[in-house]
Amino acid sequence: MNIDIRKSIISNFKDSNTEDIVTSIEEALKDKEEVTLPGLGVFFEILWENSTSEEQTNIIEKIKKNLS
């Protein structure tokens, strides 16, 4: 069985409100379950692809700063 994770996650959240998305992200981070990583990755992909170059630089700077 071939599952398209991106399409599935986007479909699951398509009609979600802001609170639903925030709750999902916060619960995924709190639970630290690796099963939630693909969903967070899809959210990050959407964020990245819809960010300006300046916003992408800011995201990278925040990631880099917090890796140490």
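The model is predicted. Over the whole structure, the search returns 1 salt bridge and 2 aromatic pairs. The salt bridge joins Glu45 and Arg6, and one of the aromatic pairs joins Phe13 and Phe43.

**Salt bridge**

- The side chains of Glu45 and Arg6 form a salt bridge, with an N to O distance of 2.8 Å.
- This pair links distant parts of the chain, as Arg6 belongs to helix H1 (residues 5-13) and Glu45 to helix H3 (residues 37-49), 39 residues apart.
- Glu45 has a relative accessible area of 24% and is partly exposed.
- Arg6 is also partly exposed, at 48% relative accessibility; the cut-off for exposed is over 50%, so Arg6 stays in the partly exposed class.
- As background, side chains of opposite charge can pair when their charged atoms come close.

- The ring centres of Phe13 and Phe43 are 5.1 Å apart, and the ring planes stand at 75°.
- Planes over 60 degrees apart count as edge-to-face, so the Phe13 and Phe43 pair falls in that class.
- Phe13 sits in helix H1 and Phe43 in helix H3, so this contact ties together parts 30 residues apart in sequence.
- Phe13 is partly exposed, with a relative accessible area of 23%.
- Phe43 has a relative accessible area of 21%; buried requires under 20%, so Phe43 is classed as partly exposed.

- Helix H2 covers residues 18-31, which is 14 residues.
- From the first C-alpha of H2 to the last, the span is 20 Å, close to the 20 Å expected at 1.5 Å a residue.
- The N-terminal end of H2 is capped by Asn17.
- In this cap, a side-chain oxygen of Asn17 lies 3.1 Å from the backbone nitrogen of Glu19.

- The loop between H2 and H3 holds Lys32.

Definitions and conventions: Residues are numbered from 1 along each chain as its sequence is written. This is a predicted model: local features need pLDDT of at least 70, side-chain atom pairs count only at pLDDT 80 or more; totals for chains, interfaces and linings use all residues. Side-chain values use heavy atoms; hydrogens and water are left out. A salt bridge is a side-chain nitrogen of Lys or Arg within 4 Å of a carboxyl oxygen of Asp or Glu. Helices (H or I, at least four residues) and strands (E, at least two) are DSSP runs, numbered from the N terminus. Buried means under 20% relative accessible area, exposed over 50%, partly exposed in between (1.4 Å probe, protein chains only). The expected span of a helix is 1.5 Å times one less than its number of residues. A polar contact is a pair of N or O atoms within 3.5 Å; within protein, one must be able to donate a hydrogen and the other to accept it, and residues adjacent in sequence count only if both atoms are side-chain atoms. Rings of Phe, Tyr and Trp (its six-membered ring) pair if their centres lie within 6.5 Å; planes under 30 degrees apart count as stacked, over 60 as edge-to-face and the rest as tilted.
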